[in-house]
Amino acid sequence: MSDMAKSIVFAVCMCIVLGTLLTTAATALQPLQQRNLELNRKKNVLLAVNLVSRDKSYTREEIMTIYDKKIELFGVGQTGAIVEDDKISEEPVLPIYLYLENDAINAYIVPIDTQGVWGMISGYLAIDKDGSTVKGFTITRHSETPGLGGEIERQWFQENFEGKKIVDKNGTFVSVRVARGEVERQVPEEDKPHYVDGISGATLTGKYLSEGLKQILSKYEPVSIRFRDNRVEMPGE
Amino acid sequence: MKLTRTKTFKAFAAPAWSNNPINMQMLGICSALAVTIQLKTAFVMTLALIFVITGSSLIISLMRKIIPGNIRIIVELGVIASLVILTDEFLRAYYFEISRLLSVFVGLIITNCIILGRTEGFAMSNPPHLAVMDGLGNGAGYGSVLLSVAFLRELFGSGKVFGVDVIPASFYDAGYENMGFMLLAPAAFIIIGLMAWLQKYLTGVDGKDQ
C-alpha cells in the first residue's frame, strides 16, 4: 500500500473511532447536563428577584423548593392580560414568570434572549410590581469574549441593574441601557436612572444588550402598563 | 540501580522540576494567568490537564509505530481534542458550577502548547511507560506552578484558601486590606516571573548555558 493510501485509511479509522467515542459520551451525559442547565435556569430566575443570594451555594432541593413555592409561569396576551398555561396555545403569548408572595404578585420576570456579539445572550430581568423598577438581572448563558464582553456574567454588572427605571419621569417607556463607561461620568443627570455602568473593552456587547433589552421590554409594555396602573388580575383561580 | 537513576523516574522528575514546562520552558502561561484566581479552579484545571496530557501521551505512544509520519500532528491533535472534549462533557455533567467558572479554558487545553509539545516531542519516540511518566511529570510540573500561583493570589487577593477565610477578622480591623491587584491577570504574570527567577536561581540555570 502506498504511503498516501495508508495515511488516508489511518485518518478515516481515527475519525470513526474518535467520532463514535465522542458521540457516545455526549449522548450518555446529555440528560445530566440538561438537568444542570435546568437547575441553573431556575436558580437564575430566583436570583433575579433576590430569592437566593449569589454568595451562597444551594442544594438542588433547596432551589427546587423555593422555585416551586414562589415562582409561576404564565403567558401574556397581546392586550397585556395574564393568561393560564393551558390557554397558551389559543393566542400568541409571551412567557412571563410571576414571583408570588402569599398569592400576591411581588414582581414579574421577563426572559431575555437576545443577540450578542458572538452568539445569543440569555438571562432574566425582574421588574417590580410597580411596573417600572428593575428588581434584578441575571445572565444564564452567553458566548461573549472572555475577559471583555464576557464580564457581563460578573456580579457587579448584574447587580448594576437593581433599582434602575424602565420609564422616565413622565411615565414614558425608555428601557434600560448599558452606558459607555461609568454612568456617573458619561450620562447626563436626568438619564442616570435608565443607565447601568458599561464594561470597558466591551462597547459592542453593551450596545447589543441595550438594543435587545429595549426590543424585548417594549414587547412586554402592555403588561408593564397594567402593572403601573395597578390593574393586573391573576388568571381565574 | 537507585530509583532516582532510572529512566522512568527521570522521565517524571525532569519535567516536574528541573525542566518545568511553565517556569523553565515558559509554556502554557495563558491558562496559568486565567484560572489561578482561586485554588479550586486551579485544582480542577490541574486534574483536567494531567488527565489529558497523560492520556494523550499514552495513546500516541502506543500508536507511535503505526501513525503515518505525514499526518502525525493531526492525529496527535485529534487525540488531544477528543480527550479535552470528554473532560469538558464530564465536568458539565458532574461539576456544573466549576465548569462554569472554568468556562472556555477547559476547551482551550487543546491549544495548551505543553501537551502537543510532549506528544510530538516525547511520546512519538518513546515507549508507553516512559510516555506516561513524562505526561504525569509535566502535569505535576504545570499543576504545582498553577497551584502555587493560585494559593498566593487567593490568599492575598481574597484572604482565603480553597474558599475558606484564613485572614483573621482582627487583621482587617487593624487596617489590613486584600490586594485587589492579585485578582487581575498581571498579578499572575508577576508571580510567575518571580517563581521562574527563583527556580532558575535554585537550579543554577542562568540562561548563559542555553
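This is a predicted model: local features need pLDDT of at least 70, side-chain atom pairs count only at pLDDT 80 or more; totals for chains, interfaces and linings use all residues.
## The whole sheet of chain A

These strands belong to an open sheet of 6 strands with antiparallel pairing. The order is β2-β1-β3-β4-β5-β6. The edges are β2 (82–83) and β6 (134–141) of chain A, each of which pairs on one side only.

Strand β1 (residues 71–76) of chain A pairs with β3 (residues 94–101) of chain A over 6 bridges, in the antiparallel sense. A:I71 has A:Y99 of β3(A) as its bridge partner. In a regular strand, side chains alternate between the two faces of the sheet.

A helix lies across part of this sheet. Helix α5 (residues 203–219) of chain A lies across β3, β4 (104–115) and β5 (120–128) of chain A. The helix runs at about 130° to β4(A).

A:N102 sits in the loop between β3 and β4 of chain A. Its phi is near 50°, a positive value in a residue other than glycine. A:N102 counts as exposed because it has 5 C-beta neighbours inside 10 Å, and the cut-off for exposed is 12 or fewer.

A:N50 also has a positive phi, near 60°, and is a residue other than glycine. Its place is the loop between α1 (3–48) and α2 (60–70) of chain A. A:N50 has 15 other C-beta atoms within 10 Å, so it is partly exposed.

A:S175 lies in the loop between α3 (155–159) and β7 (177–178) of chain A. With 19 other C-beta atoms within 10 Å, A:S175 is partly exposed; a buried residue would need 20 or more. Leaving aside neighbours within four places in sequence, A:S175 is in contact with A:I166, A:L213, A:K214 and A:L217. A:Q155 is 20 residues from A:S175 along the chain, and their C-alpha atoms are separated by 21 Å.

## Helix packing in chain B

In chain B, helix α3 (residues 39–63) packs with α4(B) at an angle of about 145°. The axes are 9 Å apart. The crossing of α3(B) and α4(B) is right-handed.

From α3(B), the contact is made by B:A48, B:F51, B:V52, B:G55, B:S56, B:I59 and B:I60. From α4(B), it is made by B:E76, B:V79, B:I80, B:L83, B:V84 and B:T87. By class, this contact of α3(B) with α4(B) has 9 nonpolar, 3 polar and 1 charged residues.

## Where chain B meets chain A

The interface brings 15 residues of chain B into contact with 17 residues of chain A. Helix α4 (residues 72–94) of chain B gives the most to the chain B side, with 9 residues. By class, the side of chain B that touches chain A has 9 nonpolar, 4 polar and 2 charged residues.

Technical notes
Residues are numbered from 1 along each chain as its sequence is written. Chains are lettered from A and ligands numbered from 1 in the order in which they are written. Two residues are in contact if their C-beta atoms, placed from the backbone, lie within 7 Å. Helices (H or I, at least four residues) and strands (E, at least two) are DSSP runs, numbered from the N terminus. Ala, Val, Leu, Ile, Met, Phe, Trp, Tyr, Cys and Pro count as nonpolar, Asp, Glu, Lys and Arg as charged, and the others, Gly among them, as polar. Two strands pair if DSSP finds at least two bridges between them. Axes are lines fitted to C-alpha atoms, for helices over the stretch in contact, and angles run from 0 to 180 degrees between N-to-C directions. A crossing is left-handed if the near helix is turned anticlockwise from the far one by less than a right angle, and right-handed if clockwise.
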